[in-house]
Amino acid sequence: KNEGPVSPDRDKAGVRFELNGTIFDYFKSASQHIKEDGFFTTVYPFQYAERVFDASEKHNFCCDLRVDVTPKKTKPPLISLFRFVKGKKRLNTVEKLTVRKEDQSFTEEYKAVRKELWLDVPA
């Protein structure tokens, strides 16, 4: 698919595009290395979330947390952050995180996440 330009930086390109395998390959690998009740996290484009769920179910992982990330209050979600647990039933906990307000400043919720992760919190 033509989903945009591929970065010349291999690490950045590999994060944005499935250059080193598909989401199904990632779950297959995780299933070989993670024990029962262990967890696996991934980030994937919001619009393709069903592919993530299909791959997780195929390899006996169930989503216990999904965070839909919106870059700006006036935009739709762009990516989703997922946490899957091996061998448990799907709990369907969905949270939302908006990064910027309409005036481009960071939302309080985004600042709180950065603070919790010990990242520099922008003004």
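The stops below cover the paired strands, the cysteines, the nonpolar core and the pockets.

This is a predicted model, in which local features need pLDDT of at least 70 and side-chain atom pairs count only at pLDDT 80 or more, while totals for chains, interfaces and linings use all residues. Residues are numbered from 1 along each chain as its sequence is written, and side-chain values use heavy atoms, with hydrogens and water left out.

**The strands**

Select residues 39-45, strand S1, together with residues 79-86, strand S3: the two pair in the antiparallel sense over seven bridges. Helices (H or I, at least four residues) and strands (E, at least two) are DSSP runs, numbered from the N terminus, and two strands pair if DSSP finds at least two bridges between them. Within this pairing, Thr41 has Arg83 of S3 as its bridge partner.

Follow the chain from S2 to S3 through a hairpin of six residues.

Now select Ser80, which is located in strand S3. Is Ser80 buried or exposed? Ser80 counts as buried, at 0% relative accessibility; buried means under 20% relative accessible area, exposed over 50%, and partly exposed in between (1.4 Å probe, protein chains only).

**The cysteines**

How many disulfides does a search of the whole structure find? The search finds zero, a disulfide being a pair of cysteine sulfur atoms within 2.5 Å. Cys62 is in no disulfide, and its nearest cysteine sulfur, that of Cys63, is 8.9 Å away. That distance is too far for a bond. Cys62 is buried, with a relative accessible area of 17%, and Cys63 is buried at 3% relative accessibility.

**The nonpolar core**

Select Phe27, Val52, Phe61, Phe82 and Phe84, which touch the most other members of the largest nonpolar core, a set of 14 residues. Such a core is a set of buried Ala, Val, Leu, Ile, Met, Phe, Trp, Tyr and Cys residues joined through side-chain atoms within 4.5 Å. The elements giving two or more residues to this core are H2, S1, helix H3 (49-58), S2 and S3. H3 gives the most, with four residues.

**The largest pocket**

Select Arg16, Phe17, Tyr44, Pro45 and Tyr48, which lie nearest the centre of the largest pocket among its 20 lining residues. On a 1 Å grid over the protein atoms alone, a pocket is an open set of points where a 1.4 Å probe fits, with protein on both sides within 12 Å along at least five of seven lines; lining residues have an atom within 4 Å of a point. This pocket holds about 700 Å³ of space. Helix H1 (10-16), helix H2 (23-33) and S1 each supply at least two lining residues, and the largest share, four residues, comes from S1.

**The second largest pocket**

Finally, select Leu81, Leu97, Val113, Arg114 and Leu117, which lie nearest the centre of the second largest pocket, lined by 14 residues. The elements giving two or more residues to its lining are S2, strand S4 (94-100) and helix H4 (108-116). H4 gives the most, with five residues. About 330 Å³ of space lies in this pocket.

Notes: Grid points are joined across faces, edges and corners, and a volume is the space filled by probe spheres set on the points.
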